[in-house]
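Dear colleague,

Please find below the structure that I am passing on to you. My notes on what was found in it follow directly after.

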Amino acid sequence: MNEIALLHVDDEDDIREVAAYALELDPAIQLTSVASGGAALEQLEAGYRPDAILLDVMMPGLDGPGTLERLRTISGLESTPVVFMTARVQADERQHYLNLGAVGVITKPFDPLSLASELRSLLAAR
């Protein structure tokens with residue numbers, strides 16, 4: 001199984017905790033978690049280059065779409081796959097996130113037992 005360095009960005013502590021537990025079920029996922037778009041950009045601007053980014057849509061301050069727009073301007077991240085996580089899953093909203101450049105959307109609440117495989121599936125399909 002391919003190793004994946006994954007950056008998970010979510011402002012909710014409990015979501016980050018459950019996602020970390022769920023993603024640890026896949027030993028090939030090397031997870032880094034941060035609590036905001038700003039914190040993600042700090043790590044990325046400092047040189048961290050994950051293989052993929054799991055990005056919450058609704059966060060205070062800098063939201064997911066804003067974070068995606070800014071990270072695309074950082075050298076080496078122009079095509080890093082991003083998967084959005086959101087509770088807002090109307091068809092037009094989902095399409096909007098894909099149009100922004102996301103490779104997929106994972107619905108909250110997510111199934112912890114299948115999160116890693118769902119993420120791998122979205123990344124493989126891109």
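In which loop does Leu113 lie? This residue is placed in the loop between strand 5 and helix 5 (115-125). Please bear in mind throughout that the model is a predicted one.

I begin with the surface around this residue. Leu113 is exposed, as its relative accessible area is 70%. Together with Tyr21 and Leu25, Leu113 forms a nonpolar patch on the surface, and the accessible area of the three together is about 370 Å². Tyr21 belongs to helix 1 (residues 13-23), and with a relative accessible area of 52% Tyr21 is exposed as well. For a sense of distance, the C-alpha atoms of Leu113 and Arg49 are 26 Å apart, while 64 residues separate the two along the chain.

Strand 1 (4-9) pairs with strand 2 (residues 29-34) through six bridges, in the parallel sense. Within this pairing, Ala5 has Gln30 of strand 2 as its bridge partner. Strand 1, helix 1 and strand 2 together make up a β-α-β unit that is right-handed. Strand 1 also runs parallel to strand 3, to which four bridges join it; here the bridge partner of Leu6 is Ala52. Because five of its six residues are buried, strand 1 is largely enclosed by the rest of the structure.

Strand 4 (residues 82-86) and strand 5 (residues 104-107) are likewise parallel, and four bridges join them. Phe84 is paired with Val105 of strand 5. Between these two strands the chain passes through helix 4 (residues 91-99), and this β-α-β crossover is right-handed.

Helix 3 (residues 64-71) deserves a separate note. Six of the eight residues in helix 3 are buried, which leaves the helix mostly covered. The buried residues are Gly64, Pro65, Gly66, Thr67, Leu68 and Leu71. They pack against helix 2 (37-45), strand 3 (52-56) and strand 4.

I turn now to the charged side chains. In general, side chains of opposite charge can pair when their charged atoms come close. How many salt bridges does a search of the whole structure find? The search finds four, and three of particular interest for this handover are described here.

One of them joins Asp10 and Lys108, with 2.8 Å between the closest N and O atoms. Asp10 is in the loop between strand 1 and helix 1, whereas Lys108 is in the loop between strand 5 and helix 5, so this pair ties together parts that lie 98 residues apart in sequence. Both Asp10 and Lys108 are buried.

Lys108 also meets Asp56 in a salt bridge, at 2.9 Å from N to O. Since Asp56 lies in strand 3 and Lys108 in the loop between strand 5 and helix 5, this second pair ties together parts that are 52 residues apart in sequence. Asp56 is buried, because its relative accessible area of 4% is under the 20% limit.

One point on the backbone remains. Most peptide bonds are trans. The bond that joins Lys108 and Pro109, however, is cis, with omega at about -5 degrees. Pro109 is found in the loop between strand 5 and helix 5, and that loop also holds Leu113 and Lys108.

Yours sincerely

Definitions and conventions. Residues numbered from 1 in each chain as written. Predicted model: local features only at pLDDT ≥ 70, side-chain atom pairs only at ≥ 80, totals over all residues. Heavy atoms only, no water. Pairing = 2+ DSSP bridges. Right-handed = clockwise from strand over helix to strand, strands pointing away. Patch = residues over 30% accessible without salt bridge, like charges linked within 9 Å, V, L, I, M, F, W, Y side chains within 5 Å. Areas by Shrake-Rupley, 256 points an atom, 1.4 Å probe, with all protein chains shown as cover. Salt bridge = Lys/Arg side-chain N within 4 Å of Asp/Glu carboxyl O. Buried < 20%, exposed > 50% of the residue type's maximum accessible area, 1.4 Å probe, protein only. Contact = heavy atoms within 4.5 Å.
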